[in-house]
Amino acid sequence: MTDDDSAGACFSDEEVSNVRKSLNEASVIPTLCYRDEDYHRKEVEQVLMRSWLPVGRKDQLTDAGDYFTRNLFGESVVIVKGADKKIRALSNVCRHRATQVLDDGAGNRKLFTCPYHRWTYDLDGRLRGAPHMDEAEGFDRKSCRLPEFRMETWNGFMFVNFDPNAAPLTPELKPLTRALAPYGLEVLETIPFKTLPCNWNWKASMENFTEAYHHIGIHKDTVEPFMPAEKARYEDSNNAYSLFWMPTTDNKPMPSSLPAMPGLPDEYYYSKAVANVYPFLHLLIGGEIVLWLDFNVQSVDRHELVWHLLLPATTLELPDVEERLKPWKERIEEIITQDIYACSKARTGQQSRFYTPGRFSYMEKSVYQMHNWLVDAMNRTGNITR
Ligand code: FES
Ligand SMILES: [Fe+2]
């Protein structure tokens, strides 16, 4: 055990083994994982900084020089399409005296110029110019460059991993890729929807959107009448992802102002799919539209939920697309308001001294998969028991 581990900021042996039991016998992770700053630091360093983190969609970068920045656990990263059309994830930190090169945001540049002393970088991160550095002995301009991080794309989503030794993402997702193939997610187009600041731990949000059990409670008048919790069907997984299907009450498509995705077989239109790639990719997939949720984690009890919509180009080209989207957005906003209420109440309860980890319903298989992913990921990279 390292000094850091002795801080007592992780699980007990019993808590780990209770998460790892079969679903019918398992308990949830302890509330320390939602409120303890020492635990959160370990989670960031041992798990999140070594995970495949979704950073955006390929269609958000169309031309050479298009870029946007992300702040991932204090690391400023720029995602940029190079002159060679390759998309790279580069450290947005100047090699001179560590200044943030590009302001937070998005745009198009031919070169990246640090505002402090005007060192300039090509779009692939190579140093192009460094004024008045001729007398710096042994300074090698050729080897000086913005560090590049690993990147993979899956179904149009771009993922970054800071860990040079991480296992590749795509092979882990093979069954999910097969299951979602009919939707053609890769070619859907991305538009922004809404961003919500939250003052609780990111996992509480992910868990909330990751099961249909709560339809009978918090959504009893909104979702449950159309997509009853007991009809949801949860797939087995290797815990890197989860997938479940939510058929409609009468196995008929829900009324929608949006057209069905072209070429989608009928049965996909009568059910919604919920797919997560842990830690942060969450998709609510319908036969006409996909709601993509992304996370900006800021601290143990602060994050932003960032939603985008994915739609076929044929829908986005409709002259009345905004009008058609309006009722859909109103309905989903009402549902999200209920989810946010539930999460805020969970936050209050997670501070309790008297709560001990509760048991899962079979309807929470995907939360169980997420908790096992977390325990396994913590365990892979350090001693997690206290
Ligand atoms: S810190 Fe960037 S040029 Fe000096
Ligand atoms: Fe919900």
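Reader: Before we get to the strands, when do two of them count as paired?
Author: Two strands pair if DSSP finds at least two bridges between them. Keep in mind that this is a predicted model.

Reader: Which residue is the partner of Tyr121 in β8?
Author: Leu127 is the bridge partner of Tyr121.

Reader: And what sheet do those strands belong to?
Author: An open sheet of three strands, ordered β6-β7-β8, with antiparallel pairing. β6 (112-113) and β8 (127-129) are the edge strands, each pairing on one side only.

Reader: Zooming out, how is the chain split into domains?
Author: The domain assignment gives domain 1 as 5-52 + 170-380 and domain 2 as 56-161. Their C-alpha centres are 31 Å apart.

Reader: How many residues does each one put into the contact?
Author: Domain 1 gives 15 residues and domain 2 gives 11. On the domain 1 side, 10 of the residues are nonpolar, three are polar and two are charged.

Reader: Where does α7 bend, and by how much?
Author: At Pro327, by about 25°.

Reader: Where is Pro279 found?
Author: In the loop between β14 (271-277) and β15 (281-285).

Reader: What about phi at Ala98 and Asn239?
Author: Ala98 isn't a glycine, but its phi is positive, about 65°. Asn239 also isn't a glycine, and its phi is positive, near 75°.

Reader: Which loops are they in?
Author: Ala98 is in the loop between β4 (87-91) and β5 (106-108). Asn239 is in the loop between β12 (233-234) and β13 (241-247).

Reader: Is Ala98 buried or exposed, and why?
Author: Exposed, because 9 other C-beta atoms lie within 10 Å, and a residue counts as exposed at 12 or fewer.

Reader: And how does Asn239 come out?
Author: Partly exposed, with 19 other C-beta atoms within 10 Å. Buried would take 20 or more.

Note on methods: Residues numbered from 1 in each chain as written. Chains lettered and ligands numbered in written order. Predicted model: local features only at pLDDT ≥ 70, side-chain atom pairs only at ≥ 80, totals over all residues. Domains from an automatic or database assignment. Contact = placed C-beta atoms within 7 Å. Nonpolar A, V, L, I, M, F, W, Y, C, P; charged D, E, K, R; others polar. Helix = DSSP H or I, 4+ residues; strand = E, 2+ residues; numbered from the N terminus. Bend = angle between axes of the 7 residues up to and from the residue.
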